[in-house]
Amino acid sequence: MGEVYRLAELKDAERLLDITYRAYETIRELGLHWPAATADLALIKDNIAKNECYVLEIDGSVEATITLSRGEEIKALTELPFVKWFAVNPDARGKRYGGKLLDWVEENVILGKLGASAVTLATAEKHPWLVPMYERRGYERILELDPQNGDGIMYLMRKKLIGQPTTIQRG
């Protein structure tokens, strides 16, 4: 079976709820108001139905997910594609499943299917490791926002996909 990259289906919703809930534990502990952190099954199904929710299956088991938004979250700021709800099964830490899925979506969906030259995402300054992780992957901070909801500073980050390496390798 190996690795399979595909769009999520409604039948995946319970597995995605489990992965997302466990992966977003730090987000809840930090008190960040991210919908994915407190999603219920109905919200997961809604995300699958209204967006392009991608998964990485390993030997038939979904291990990572990321969503390409079809919504209007950042359309006032940029027309670039926006990814959100990135989660990896915590039991699979260190296996690089999240990086593989993000690489695949950047290359095959954002660049390949949409022909977009860059992709965006948002994350919180106060999260202990997300900003540096995305920066290692080639994302740069392009805008600081304070949503005035207790989350503090949020960064809109962009990664240029044309003329850039897919990932930045660290020695």
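Biologist: How many cavities of 30 Å³ or more does the structure hold?

Modeller: Let me start with the general idea. Rolling a probe the size of a water molecule over the atoms shows where empty space is left. This is a predicted model, and the structure holds 1 cavity of 30 Å³ or more.

Biologist: How much space lies in the largest cavity?

Modeller: The space in the largest cavity comes to about 50 Å³.

Biologist: Which residues line the largest cavity?

Modeller: You can look them up in the structure above: the lining is made of L16, T20, I44, N47, C53, T65, T67 and W85. At least two residues of this lining come from each of α1 (13–23), α3 (41–50) and β3 (61–68).

Biologist: How many residues of that lining are nonpolar, polar or charged?

Modeller: The lining of the largest cavity has 4 nonpolar residues, 4 polar ones and no charged ones.

Biologist: Let me pick one of the lining residues, W85. Where is the place of W85, and what is its phi?

Modeller: W85 sits in strand β4 (residues 83–88). Its phi is near 55 degrees, a positive value in a residue other than glycine.

Biologist: Is W85 buried or exposed?

Modeller: The cut-off for buried is under 20% relative accessible area. W85 has a relative accessible area of 13%, so W85 is buried.

Biologist: What about D59, and where does D59 lie?

Modeller: D59 lies in the loop between β2 (52–58) and β3. D59 is not a glycine, yet it has a positive phi of about 50 degrees. Exposed means over 50%, and D59 counts as exposed because its relative accessibility is 53%.

Biologist: Now for the sheet. In what order do the 3 strands of the open sheet come?

Modeller: Strands of a sheet pair through backbone hydrogen bonds, either parallel or antiparallel. Here 3 strands form an open sheet in the order β5-β7-β6, and the pairing is antiparallel. The edge strands, β5 (118–124) and β6 (140–145), each pair on one side only. On average, and with direction ignored, neighbouring strands of this sheet are turned by 25 degrees against each other.

Biologist: Over how many bridges do β6 and strand β7 pair?

Modeller: β6 and β7 (residues 154–160) pair over 5 bridges, in the antiparallel sense.

Biologist: Which residue in β7 is the bridge partner of R141?

Modeller: Find M157 in β7: M157 is the bridge partner of R141.

Technical notes: Residues numbered from 1 in each chain as written. Predicted model: local features only at pLDDT ≥ 70, side-chain atom pairs only at ≥ 80, totals over all residues. Heavy atoms only, no water. Pairing = 2+ DSSP bridges. Helix = DSSP H or I, 4+ residues; strand = E, 2+ residues; numbered from the N terminus. Axes fitted to C-alpha atoms, helices over the stretch in contact; angles between N-to-C directions. 1 Å grid on protein atoms, 1.4 Å probe; cavity = no way out; pocket = protein on both sides within 12 Å on 5 of 7 lines; lining within 4 Å. Points joined across faces, edges and corners; volume = space filled by probe spheres on them. Nonpolar A, V, L, I, M, F, W, Y, C, P; charged D, E, K, R; others polar. Buried < 20%, exposed > 50% of the residue type's maximum accessible area, 1.4 Å probe, protein only.
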